[in-house]
Amino acid sequence: MQAIICNEKFPEEGCVTIPLPIPDEEYDHCLEMLERLGIGGVTARDCYIDQLNDAPPCLDVLEQQTVNIDELDFLARSLDRYTDEELAKFQCAAAARDCRDLPTLINLSFCCENTTVITDFSDLEQVGKNHFLDINGGCAPTGVYDALNGEGIARELIKSGEGKVTPYGVLYENGMRLEPMYTGQSFPTYHDKAYLFETELAPSPATPEDTAPTVLFLPTPEKRLERLLER
């Protein structure tokens, strides 16, 4: 997807288009474009999203918001790993919980994978089997899976009355808890590509006890590394 971004205080300076997720080889250039507009601070929410193109529809809530560019990039990286089914879960959960800000959406992207979403009621057998996998960590022995009465499971699920109707399907949360994986400082540990090695920076004794360590995956663009350390 692409974000068309400007400086809300000085819209006459024009807009820039930022690809998301930001490719490593374009990261420095994208930051330079933002800096020329006087925005793109490490932790500042100063990037006004004029428009999102080719983004999941549930992210339309971010348009006309000022956001932090690295939070926006991290959410895009998190969603980039999704299958169509997983994206449907995220969109349904975002709509059901009325998630409208980046930190909440980032946390949701790590918490919604065990929900169940029904987008097609014509194959209840598969709906039931999918639900069984959703509530059992995504896997089951082949013999157990093949022996399931998927239609019966689906009918019981529908009869439970716990479904939440959203524009993207009917959501069953299955006890989903929106955990604070991201609190505004260090991003959650997330492998989205191959790295040579990783290293963890533990908080200093002077930092609050609940401060999470920062995990760095190397190699990474120097500018991105500097910003992660400053964050």
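Select Y182 and F187: are they buried or exposed? Both Y182 and F187 are buried, where buried means under 20% relative accessible area, exposed over 50% and partly exposed in between, with a 1.4 Å probe and protein chains only.

Before going further, a word on what you are looking at. This is a predicted model, in which local features need pLDDT of at least 70 and side-chain atom pairs count only at pLDDT 80 or more, while totals for chains, interfaces and linings use all residues. Residues are numbered from 1 along each chain as its sequence is written, and side-chain values use heavy atoms, with hydrogens and water left out.

**Stop 1: the rings**

Keep Y182 and F187 on screen. Their ring centres are 5.0 Å apart and their planes sit at 15 degrees, so this pair is stacked. For the terms: rings of Phe, Tyr and Trp (its six-membered ring) pair if their centres lie within 6.5 Å, and planes under 30 degrees apart count as stacked, over 60 as edge-to-face and the rest as tilted.

F74 belongs to helix α2, F110 to the loop between α4 and β5 (116-118), and the two are 36 residues apart, so to speak a link between distant parts of the chain. F74 is buried at 4% relative accessibility, whereas F110 is partly exposed at 23%. With these residues all showing, you have one aromatic cluster: F74, F110, Y182 and F187. Across the structure there are 4 aromatic pairs.

**Stop 2: zoom out**

Go back to the whole cartoon. Along the principal axes, the C-alpha atoms fill a box of roughly 60 × 45 × 30 Å. The protein has 231 residues, and 42% of them count as buried. Of the contacts (heavy atoms within 4.5 Å) with a separation of 6 or more, 61% are between residues 24 or more positions apart.

**Stop 3: the cores**

Next, select I5, I18, L59, L62, L72, L75 and F90. In the largest nonpolar core, which has 46 residues, these touch the most other members. A core here is a set of buried Ala, Val, Leu, Ile, Met, Phe, Trp, Tyr and Cys residues joined through side-chain atoms within 4.5 Å. Colour β1 (2-6), β2 (15-19), α1 (27-36), β3 (47-53), α2 (69-80), α3 (84-96) and α4 (102-109), each of which supplies at least two residues of this core. The largest share, 6 residues, comes from α2.

Centre on L75. Beyond its neighbours within four places in sequence, L75 is in contact with L59, L62, F90, L102, L105, I106 and S109. Apart from this core lies another, of 7 residues, including I118, V127, A154 and L157.

**Stop 4: α4**

Which residues of α4 are buried? They are L102, P103, L105, I106, N107, L108 and S109. That is 7 of the 8 residues of α4, so the helix is largely enclosed by the rest of the structure. Show β4 (66-67), α2 and α3 as well: they are among the elements that cover the buried residues of α4.

**Stop 5: two crossing helices**

Select residues 124-134 (α5) and 150-159 (α7). These helices pack at about 75 degrees, with their axes 6 Å apart; the axes are lines fitted to C-alpha atoms over the stretch in contact, and angles run from 0 to 180 degrees between N-to-C directions. α5 and α7 are therefore roughly perpendicular, the word for 65 to 115 degrees, with under 35 roughly parallel, over 145 roughly antiparallel and the rest oblique. On the α5 side the contact uses L124, E125, V127, G128, K129, H131 and F132, and on the α7 side G150, E151, I153, A154, R155, L157 and I158.

**Last stop: R227**

Finish in helix α8 (residues 222-230), where R227 is found. R227 is buried, with a relative accessible area of 6%. Leaving out residues up to four places away in sequence, R227 touches Y27, L31, G40, G41, V42, I69 and D70. Draw a C-alpha to C-alpha distance from R227 to Q126: they are 45 Å apart in space and 101 residues apart in sequence.

Definitions and conventions: Helix = DSSP H or I, 4+ residues; strand = E, 2+ residues; numbered from the N terminus.
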